[in-house]
Structures are given as structure tokens and as C-alpha cells.
Amino acid sequence: MAKIIAEKAVVEASSSKNVEIKHTKVVKDASGKDVTIIDYSEVKGVDVAIEDAEAQLARAEAQVTELKADIAEYKKIKDA
């Protein structure tokens with residue numbers, strides 16, 4: 001799922017900035033063409049968005065490490 005990320009104006013005076021994240025997905029229209037639609041959107045503080053992205057990155061990196069270990073095990077079995 002893709003995302004469109006943009007700075008979001010804050011109505012009240014605040015020292016922190018907000019971002020608007022539009023989560024998109026691709027679907028087929030009536031004629032069979034791919035169209036991108038907004039699945040949902042969310043607004044959060046930029047600091048929270050950074051923390052969330054860093055946590056997501058750490059999880060993804062851990063999953064990559066695990067998958068590399070799995071591949072190594074599969075190759076051992078294949079080559080045995």
C-alpha cells in the first residue's frame with residue numbers, strides 16, 4: 001500500500017508540525033484500468049510519525065534478517 005505524505009497546517013498555534021498521511025491502494029475501474037484511490041488518511045504529529053516510521057523500519061530490518069537466515073537454511077537443504 002502506497003502513501004502520500006504532506007505537511008498538514010495546524011489551526012491552533014503550536015510549536016510542532018503535523019503531517020497528513022494518505023494511504024492509497026490501486027483498484028480496477030469499470031473499464032479495467034488501474035486507478036489509485038485513497039483508502040484512508042490520518043493526521044499525526046511529525047515527531048510521532050518519525051517514531052512510528054523508525055519502529056516500522058526496525059521491524060522490517062528484523063524480518064529481512066530472519067528471511068536471510070531462512071534462505072540460508074533452505075540452500076543448505078537443497079545442496080545436501
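Quick housekeeping. This is a predicted model, so to speak: local features need pLDDT of at least 70, side-chain atom pairs count only at pLDDT 80 or more, and totals for chains, interfaces and linings use all residues. Residues are numbered from 1 along each chain as its sequence is written, and side-chain values use heavy atoms, with hydrogens and water left out.

Back to K44. Is K44 buried or exposed? With a relative accessible area of 18%, K44 counts as buried, because buried means under 20%, exposed means over 50%, and partly exposed is in between, using a 1.4 Å probe and protein chains only. Leaving aside residues up to four places away in sequence, K44 touches N18, V19, I21, A49 and D52; contact means heavy atoms within 4.5 Å.

Now the salt bridges, meaning a side-chain nitrogen of Lys or Arg within 4 Å of a carboxyl oxygen of Asp or Glu. How many does a search of the whole structure find? Five. One of them pairs D52 with K44, the closest N and O atoms being 2.6 Å apart. D52 is partly exposed, at 35% relative accessibility. Salt bridges that share partners join E42, K44 and D52 into one network. The E42 and K44 side chains meet at 3.7 Å, N to O, and E42 is partly exposed at 27%.

For another salt bridge, look at K28 and D34, with 2.9 Å between the closest N and O atoms. K28 is exposed, at 58% relative accessible area, and D34 is exposed too, at 52%.

Last stop, the largest pocket. A pocket is an open set of points on a 1 Å grid over the protein atoms alone, where a 1.4 Å probe fits, with protein on both sides within 12 Å along at least five of seven lines; lining residues have an atom within 4 Å of a point. The largest pocket holds about 180 Å³ of space, a volume being the space filled by probe spheres set on the points, which are joined across faces, edges and corners.

Who lines the largest pocket? Among them are E42, K44 and D52, our network trio. Which element gives the largest share of the lining? That's α1, with four residues.

Conventions
Helix = DSSP H or I, 4+ residues; strand = E, 2+ residues; numbered from the N terminus.
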